[in-house]
Amino acid sequence: MASASETMTAADYIKHHLQSLTSLSHVDKGQDLKNIADFSYINLDAVFFAVLLGIVGCFLLRKAAVSATSGVPGRFQAAVELLYEFVDDMCKGIIHNAESRKMVAPLGLTLFVWIFLMNAMDLLPVDLLPMTWQGITGNHHALLRVVPTADLNTSLALAVGVLLVCIYYNIKIKGGKGWVHELFTAPFGPFLFPANFLLNILEFLSKTVSHGMRLFGNMYAGELVFLLIALLGGAWAASGSVSLMDPVLFVFHIVAGAAWAIFHILIITLQAFIFMALAFVYIGQAHDSH
């Protein structure tokens with residue numbers, strides 16, 4: 001953020017919010033947006049909030065498991081049981097191997113809860129945590145992004161994790177030799193093994209990239225819309241160049257923000273569900289033989 005004596009345009013405001021707190025020591029206000037797929041540094045804010053929310057998700061699920069009773073369940077226990085049954089039924093419909101479901105169903109539940117919590121950070125006021133961080137550090141240009149899934153590194157890391165699980169089950173179900181044989185012989189037969197191998201590798205890569213990009217794209221777009229709505233109010237765009245809007249525009253800012261937040265609840269839930277469902281589909285495909 002800029003100080004009161006400095007000028008910040010709407011473009012600067014959005015650009016500032018879309019930069020991450022990285023492991024680079026030379027990050028400053030004049031730094032250009034880095035390539036979102038650059039892996040030469042670590043986005044510390046994405047790692048911190050992802051780990052923190054992972055711990056919160058594990059705590060909530062463990063609390064539900066520990067406090068579960070055979071009698072009339074409380075609201076929290078009932079909600080978790082409904083969610084678990086929903087995920088378990090979906091897993092049974094896609095993955096028919098009962099032994100595999102013992103691991104895959106809890107994995108799906110963990111993915112859903114974790115991604116939902118990370119997505120839900122988008123519902124916080126866009127300047128709440130960044131300005132708090134600036135106050136703690138005493139640096140008006142301190143960077144902080146609070147939605148881990150709006151960072152392509154996080155979304156692709158989740159997708160790569162699903163890919164590794166798929167490879168594990170391909171080897172476990174078909175055996176190492178069986179899976180390699182399938183890579184070179186399916187779907188066109190052994191005489192076209194170069195094309196088969198290339199096609200199968202491209203399939204794994206495309207599924208992984210699209211899996212991560214779908215989640216990232218939706219959350220990045222949602223974050224951008226919240227920033228645009230925040231600019232309507234003017235009071236939250238801490239810049240000397242942005243004056244207070246007229247009352248009509250300010251009321252529109254409140255209404256638009258509330259409406260988008262309500263709609264975004266559906267988006268963050270749907271994106272968590274889609275990621276989990278695709279994970280089940282991809283792992284289920286690892287159980288199929290060509």
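How are H2 and H4 oriented to each other? The model is predicted: local features need pLDDT of at least 70, side-chain atom pairs count only at pLDDT 80 or more, and totals for chains, interfaces and linings use all residues. Residues are numbered from 1 along each chain as its sequence is written, and side-chain values use heavy atoms, with hydrogens and water left out.

Two packed helices are described by the angle between their axes and the distance between the axes. Helices here are DSSP runs (H or I, at least four residues), numbered from the N terminus. The axes of helix H2 (residues 44-66) and helix H4 (residues 98-120) come within 9 Å and cross at roughly 125°. H2 and H4 are therefore oblique to each other; angles under 35 degrees count as roughly parallel, over 145 as roughly antiparallel, 65 to 115 as roughly perpendicular and the rest as oblique.

Next comes the surface. Val180, Phe184, Phe193, Phe197, Leu198, Ile201, Leu202 and Leu205 make a nonpolar patch of about 680 Å² (residues with over 30% relative accessible area and no salt bridge, nonpolar side chains joined within 5 Å; a salt bridge is a side-chain nitrogen of Lys or Arg within 4 Å of a carboxyl oxygen of Asp or Glu). Helix H7 (176-185) and helix H8 (193-233) each give two or more residues to the patch, and H8 provides the largest share, six residues.

Leu202 lies in H8 and counts as partly exposed because its relative accessibility is 46% (buried is under 20%, exposed over 50%, partly exposed in between, with a 1.4 Å probe and protein chains only). Lys172, in helix H6 (residues 152-174), is also partly exposed, at 44%. The C-alpha atoms of Lys172 and His287 are separated by 9.0 Å, although these residues are 115 residues apart along the chain.

Notes: Patches are made of residues with over 30% relative accessible area and no salt bridge: like charges are joined within 9 Å, nonpolar side chains (Val, Leu, Ile, Met, Phe, Trp, Tyr) within 5 Å. Accessible areas come from the Shrake-Rupley method with a 1.4 Å probe; for residues, only the protein chains shown count as cover. Axes are lines fitted to C-alpha atoms, for helices over the stretch in contact, and angles run from 0 to 180 degrees between N-to-C directions.
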